Each structure stands twice: as C-alpha cells, then as structure tokens.
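I opened my notebook beside the viewer today to follow some helix packing. Here is what I looked up, in the order I looked.

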Amino acid sequence: DRYVDCAGQSFRDFLAGKLRLIPSKREGSVDGGTFELTTCEFDLLEALLRSRDTVATKDDLSLSVLGRRREPYDRSIDVHVSNLRKKLSVISGKTIEVETVRAVGYRLKVAS
C-alpha cells in the first residue's frame, strides 16, 4: 500500500502482485496494462483489496459498494462479482481471482 498526500488529502494506492489500483484517479492496471471497470466493479475490487486476505462478507460489500443493506434473496453483489471475475480472467489470466467463501462472502486472491 502507498499513501500519497495531495492538496491536504490522503489517497491510498493498492499494489497486489501485478495489480495496481489508484482510487483517487479511478484507474487500474495489471502488469502496466490499464483496464476499465464499471463503477460498481471498481468499488467492489477496491473493497476486496481493502479487506486483504480476510473474507469480505456480502453484507459489508453491499453497504460499501452499493450503499445499501442487502435484502433477503438479494443477488446484486453476486452478479457484480461474476462480471468482475470475467473481466479479471481476461485481464490477468488466473493470477487475480475472486474466491467464494461459501455462506460468508468473497476474498481476493492475487498471485505474486
């Protein structure tokens, strides 16, 4: 992680393996090649990076990514995870994956 002080504000860039995410610019790259994500996909990837090696629960992800509590039978986060997985597989092959932790949530796995 890297902290940058710019005009009195602190921003946190995430570095994990070949993945770099710059929330202040809403930019991401893998091995120097940039990629595009929807707003929800970007926020989801950022939330997964923030949780590091711990599992991010679906309830926590719903609050931080969608800005609302998860409802019973709500599959919104699952759909966004599915879309993010597809894009990450194209971008990185198998070096960056979103792992499902059954009945709990998701965890980001990044190979070195």
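**Helix α1.** I listed the buried residues of α1 and got Glu41, Phe42, Asp43, Leu44, Leu45, Glu46, Ala47, Leu48 and Leu49. Buried here means under 20% relative accessible area, exposed over 50%, and partly exposed in between, with a 1.4 Å probe and protein chains only. Nine of the 12 residues of α1 are buried, so α1 is largely enclosed by the rest of the structure. I took helices (H or I, at least four residues) and strands (E, at least two) as DSSP runs, numbered from the N terminus.

The model is a predicted one, where local features need pLDDT of at least 70 and side-chain atom pairs count only at pLDDT 80 or more, while totals for chains, interfaces and linings use all residues. Residues are numbered from 1 along each chain as its sequence is written, and side-chain values use heavy atoms, leaving out hydrogens and water.

Next I checked the length: α1 reaches 16 Å from its first C-alpha to its last, close to the 16 Å expected at 1.5 Å a residue. The expected span is 1.5 Å times one less than the number of residues. Just after α1, I noted that arginine 52 has a positive phi of about 55 degrees.

**Helix α3.** The end C-alpha atoms of α3 (residues 76–92) are 24 Å apart, which agrees with the 24 Å its 17 residues should span. Which residues of α3 are buried? I found Ile77, Asp78, His80, Val81, Leu84, Leu88 and Ser92. Seen down the axis of α3, they fall within an arc of 155 degrees (directions from the helix axis to the C-beta atoms), so they line one face of the helix. On the other side of α3, Lys86 and Val90 are exposed. Glycine 93 follows α3 with a positive phi, near 70 degrees.

**α1 against α3.** At what angle do α1 and α3 pack? I read about 85 degrees, with the axes 10 Å apart. Axes are lines fitted to C-alpha atoms, for helices over the stretch in contact, and angles run from 0 to 180 degrees between N-to-C directions. That makes α1 roughly perpendicular to α3, a label for 65 to 115 degrees. Cys40, Glu41, Leu44, Leu45 and Leu48 of α1 make the contact (heavy atoms within 4.5 Å) with His80, Val81, Asn83, Leu84 and Lys87 of α3.

**Valine 65.** Last, I looked at valine 65 in helix α2. Valine 65 is buried, with a relative accessible area of 9%. Leaving aside neighbours within four places in sequence, valine 65 is in contact with Cys40, Asp43, Leu44, Ala47 and Ile77.

How values were computed:
Parallel < 35°, antiparallel > 145°, perpendicular 65-115°, else oblique.
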